[in-house]
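Hi there,

Here is the structure I promised to pass along.

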2 protein chains.
Amino acid sequence: MATLSEENYLKAIFHLSRHDKTVVSTNAIAQKMETKASSATDMIKKLFEKGLIDYEKYKGVKLTENGRLAAVSVIRKHRLWELFLVDKLRFSWDEVHEVAEQLEHIKSKKLTRELDAFLEFPTEDPHGDPIPDANGNMPSSQKLLLAKVKQLQRCICVGVKDSTPKFLQYLDKHKIALGTEITVLSRESYDESMALKINNIQRTISKEVAHNLFVKIS
Amino acid sequence: MATLSEENYLKAIFHLSRHDKTVVSTNAIAQKMETKASSATDMIKKLFEKGLIDYEKYKGVKLTENGRLAAVSVIRKHRLWELFLVDKLRFSWDEVHEVAEQLEHIKSKKLTRELDAFLEFPTEDPHGDPIPDANGNMPSSQKLLLAKVKQLQRCICVGVKDSTPKFLQYLDKHKIALGTEITVLSRESYDESMALKINNIQRTISKEVAHNLFVKIS
DNA sequence: TTTAATATTTAGATAAGACTAAAAATTTAT
DNA sequence: ATAAATTTTTAGTCTTATCTAAATATTAAA
């Protein structure tokens with residue numbers, strides 16, 4: 001069984017390797033974990049000893065199949081709990097992360113299985129991210145940047161890339177929230193701005209905004 | 001904020017002092033925590049430094065008001081989660097303890113508050129133990145040993161004192177489970193055995209059984 | 001009330017996970 | 001291709017929570 005700290009490192013490596021496709025550096029891990037490179041090296045050795053990562057000195061790190069399964073299991077729990085908090089306990093999308101960071105480490109196969117059933121076997125969390133199944137299979141994400149949405153397509157806001165207060169306040173002011181329905185009317189090739197219909201009101205947004213808002217096609 | 005280990009010690013002290021009425025010895029704490037007396041002493045010093053217990057060398061330990069609040073808060077969460085697991089996630093009463101031991105340490109005021117609301121502000125957990133309120137007030141327990149129940153009184157099985165497999169198997173064989181309704185027909189003063197009506201069938205149980213089964217008057 | 005038994009504390013060690021500072025390897029730039 | 005910059009690793013320290021063994025205090029017994 002992996003410790004809490006080991007699970008957090010595995011999760012970090014999984015995300016950094018973009019679902020286990022690339023090799024990850026010690027520094028990148030340290031940065032993501034908000035710790036020092038020497039601490040990362042220590043943990044890398046430990047995960048290697050446990051057969052959870054492939055590792056050669058100075059050459060970076062890659063999850064083994066066991067490591068990937070452990071990471072995905074934590075991510076599965078994280079996303080199930082986020083959905084539980086939003087759907088059942090009246091949390092809003094921006095309040096769930098911190099609590100889910102704790103809940104994701106609870107060890108009980110039955111709990112995860114029953115929570116999944118209670119939520120009626122969901123495939124996406126409140127941010128539009130896919131929820132891996134019990135076998136560790138990750139459905140491909142249905143979320144994309146608003147900037148990529150085609151003309152006349154309808155979509156639903158599911159998250160932000162930039163989560164700074166400034167951007168969140170901008171969204172608030174312009175009545176864009178999680179779940180808001182957006183229709184792309186047109187795009188301006190000169191400055192990459194976009195004309196949208198939001199709540200039946202027409203509005204123009206800049207390239208910056210379009211590149212920091214995640215949506216799901218509806 | 002108390003660490004996980006500190007919370008477990010506070011909980012142990014609370015239970016050992018029978019809701020904070022008596023002084024607790026180092027050895028008793030060590031035994032409850034399944035650790036050595038020297039480890040208990042170490043933790044006692046730490047809790048004392050943090051103002052969570054009163055302590056004089058060789059004289060035993062007592063929770064301060066802050067310590068009591070911290071302990072009760074953990075117990076509140078434990079019991080809310082146990083109820084959640086049984087009522088919402090199809091756990092049975094004997095499966096919940098281990099998971100609740102983990103969930104009780106999740107730190108989020110909002111989570112506890114919303115869980116309480118989701119469960120419609122319950123006052124008892126699945127074992128018939130009272131759930132403290134958000135201010136740390138503990139409703140008095142409504143559960144008692146079957147041996148104490150008066151003649152012709154109806155009650156409901158809410159837990160066991162002896163949780164060894166042997167006893168649980170005995171209960172199973174005689175169709176006594178959590179929630180089973182029991183009516184006390186009579187008691188034999190000679191051997192303290194009791195005549196009961198269980199599921200409309202008359203049955204006699206020994207003193208040993210009567211002293212290991214918790215019920216709630218209904 | 002002095003001794004024996006028990007309970008408690010102290011001292012020193014260990015493992016996990018973090019840190020700093022310094023050494024070694026790798027990569028980049030001249 | 002060598003020097004400089006960067007990255008990674010090593011060595012040694014710290015804290016938390018545990019342990020064993022030894023010392024000290026308290027309680028019980030003769």
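Is B:Cys155 buried or exposed? B:Cys155 counts as buried, since its relative accessibility is 0%. Please keep in mind that this is a predicted model.

B:Cys157 is buried as well, with a relative accessible area of 1%. A disulfide needs the two sulfur atoms within 2.5 Å, and a search of the whole structure turns up 0 disulfides over all chains.

Now to the DNA. DNA strand C is surrounded by 20 residues, the closest being A:Thr35, A:Ser39, A:Lys46, B:Lys45 and B:Tyr55. Of the atoms of DNA strand C that come within 4 Å of the protein, 77% belong to sugar and phosphate. The residues of this surface divide into 10 polar, 5 nonpolar and 5 charged.

- A:Ser39 has a side-chain N or O atom 2.6 Å from a phosphate oxygen of DNA strand C.
- B:Asn27 places a backbone N or O atom 2.8 Å from a phosphate oxygen of DNA strand C.
- A:Ser38 has a side-chain N or O atom 3.0 Å from a base oxygen of DNA strand C.

The elements giving two or more residues to the surface near DNA strand C are helix H1 (4–16) and helix H3 (37–49) of chain A, along with helix H2 (26–32) and helix H3 (37–49) of chain B.

Best wishes

Conventions. Residues numbered from 1 in each chain as written. Chains lettered and ligands numbered in written order. Predicted model: local features only at pLDDT ≥ 70, side-chain atom pairs only at ≥ 80, totals over all residues. Heavy atoms only, no water. Buried < 20%, exposed > 50% of the residue type's maximum accessible area, 1.4 Å probe, protein only. Near = heavy atom within 4 Å. Polar contact = N/O pair within 3.5 Å; in protein donor to acceptor, adjacent residues only side chain to side chain. Helix = DSSP H or I, 4+ residues; strand = E, 2+ residues; numbered from the N terminus. Nonpolar A, V, L, I, M, F, W, Y, C, P; charged D, E, K, R; others polar.
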